[in-house]
Amino acid sequence: MEDAVCQLLENKEDISQYGIARFFTEYFNSVCQGTHILFREFSFIQATPHNRASFLRAFWRCFRTVGKNGDLLTMREYHCLLQLLCPDFPLELTQKAARIVLMDDAMDCLMSFSDFLFAFQIQFYYSEFLESVAAIYQDLLSGKNPNTVIVPTSSSGQHRQRPTLGEASVLEGVEASLFYQCLENLCDRHKYSCPPPALVKEVLSNVQRLTFYGFLVALSKHHGINQALGALPDKGDLMHDPAMDEALERLRERRSNSQALKLGLGLPLKDRHSLAPDVLDPRISNKIDAGNFSPKLTFGVSSVTTRDERSLTQTRRRTAGVARRPHWRFPPVRGLEHRTQGRPSPAATLPS
């Protein structure tokens, strides 16, 4: 509601033309549809869980063709896609999501759309929770008492370097049961969004020890956590969006129909000759009726072959010349200039 009032005050001159009631109706309709976060600042899209889920859904629907085509992109390229929807989207958040997929690989490695999307969902939606989890993990590695209250700071986030084997124990990671005890207490007192504790327990019950990024990978691939979020479909249905496919098909049909009308292809045979000469050349229409006409497409614009295009251009010029034919003027007669002074010109009295 606060954002709606701010938008109203910033655009009150434009909104006054169609009314405040209509503005609020359209604003909250966009909130229900999840399109209110498009092209907004990062502070707004992360302000509420609904905004975060709407941004995840918008990113999936806008760029799912990347995964549908099987394209692999780098972390920088995925960040550019995020900035198309949110111009000030922070690079650090994209790097953390890519680290879940790449683990110890270089950050410039290629990633599939589905792997990045589910990792990005966990990192973006639960960002504050994961900051606290990272602090707990680091304290467990250093041997601190896990029952102490841990206040995460900006320096205790996921960007800490993982300890080397010389600094940590020979066994990599921390004990899963001890880790879950700390996370259970964290979920009870955490004011931000966090995964359901039952699902977290299910993830940790399958292993005895785990690393921090191993925990994040397990969260990103967990079917129940994805359903609890409700922003993205299952991985098997990730490339299917019937509503979006139907809308795109309508746009394609509308575009093809508009191009066909320019050439008369969308009209019945009896109506094609009723078009004006500057729209359809009768000689081209005869070829269409005979089935010998094959238009070529260049960047979505219909054009005819060279000979037909030349004849169409000549016909347009002839019809344009008839439509814009100037008035006829009589040649001047010597010695009669003084008689025509003050009288209307003969050319002006002739009908056009």
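User: How do I read burial here: is His-222 buried or exposed?

Analyst: Happy to start there. Burial is judged by relative accessible area, computed with a 1.4 Å probe on protein chains only: under 20% is buried, over 50% is exposed, and values in between are partly exposed. His-222 has a relative accessible area of 14%, so this residue is buried. The model is predicted, so local features need pLDDT of at least 70 and side-chain atom pairs need pLDDT 80 or more, while totals for chains, interfaces and linings use all residues. Residues are numbered from 1 along each chain as its sequence is written, and side-chain values use heavy atoms, leaving out hydrogens and water.

User: Where is His-222 found, and with which residues is His-222 in contact, leaving aside its neighbours within four places in sequence?

Analyst: Helices (H or I, at least four residues) and strands (E, at least two) are DSSP runs numbered from the N terminus. His-222 sits in the loop that links H12 and H13. A contact means heavy atoms within 4.5 Å. Setting aside neighbours within four places in sequence, His-222 contacts Leu-199, Glu-202 and Val-203.

User: What does the side chain of His-222 reach at 3.3 Å?

Analyst: The backbone nitrogen of Ile-225. For a polar contact, look for N or O atoms within 3.5 Å; within protein, one must be able to donate a hydrogen and the other to accept it, and residues adjacent in sequence count only if both atoms are side-chain atoms. Thr-94 belongs to helix H7 (residues 91-102) and counts as buried, because its relative accessibility is 0%. Beyond four places in sequence, the contacts of Thr-94 are Met-75, His-79, Leu-82, Phe-89 and Phe-116.

User: How many helices and strands are there in the protein?

Analyst: There are 18 helices and 4 strands. Of the 352 residues, 37% are buried. Among contacts with a separation of 6 or more, residues 24 or more positions apart account for 63%.

User: At what angle do helix H10 and helix H11 pack?

Analyst: As a general idea, two packed helices are described by the angle between their axes and the distance between the axes. Axes are lines fitted to C-alpha atoms, for helices over the stretch in contact, with angles from 0 to 180 degrees between N-to-C directions. H10 (residues 176-189) and H11 (residues 197-204) pack at about 170°, and their axes are 10 Å apart. Under 35 degrees counts as roughly parallel, over 145 as roughly antiparallel, 65 to 115 as roughly perpendicular, and the rest as oblique. H10 and H11 are therefore roughly antiparallel. Ala-176, Phe-179, Tyr-180, Leu-183 and Cys-187 of H10 meet Pro-197, Val-200, Lys-201 and Leu-204 of H11.

User: By class, what residues does the contact of H10 with H11 have?

Analyst: Ala, Val, Leu, Ile, Met, Phe, Trp, Tyr, Cys and Pro count as nonpolar, Asp, Glu, Lys and Arg as charged, and the others, Gly among them, as polar. On that basis the contact of H10 with H11 has 8 nonpolar, no polar and 1 charged residues.

User: At roughly what angle do the axes of helix H9 and helix H12 cross?

Analyst: The axes of H9 (residues 127-141) and H12 (residues 212-220) cross at roughly 145° and come within 10 Å. A crossing is left-handed if the near helix is turned anticlockwise from the far one by less than a right angle, and right-handed if clockwise. H9 passes H12 in a right-handed crossing. From H9, Leu-130, Val-133, Ala-134 and Tyr-137 meet Phe-212, Phe-215, Leu-216 and Leu-219 in H12. That contact divides into 8 nonpolar, no polar and no charged residues. H9 also holds Ser-127, which is buried because its relative accessible area is 12%.

User: Which residue has a positive phi although it is not a glycine?

Analyst: Phe-39, with a phi of about 65°. Phe-39 lies in the loop between helix H3 (20-33) and helix H4 (42-45), and is exposed at a relative accessible area of 58%. Compare Ala-228 in helix H13 (residues 223-229), which counts as partly exposed at 45% relative accessibility. Beyond four places in sequence, Ala-228 contacts Pro-196 and Leu-199.
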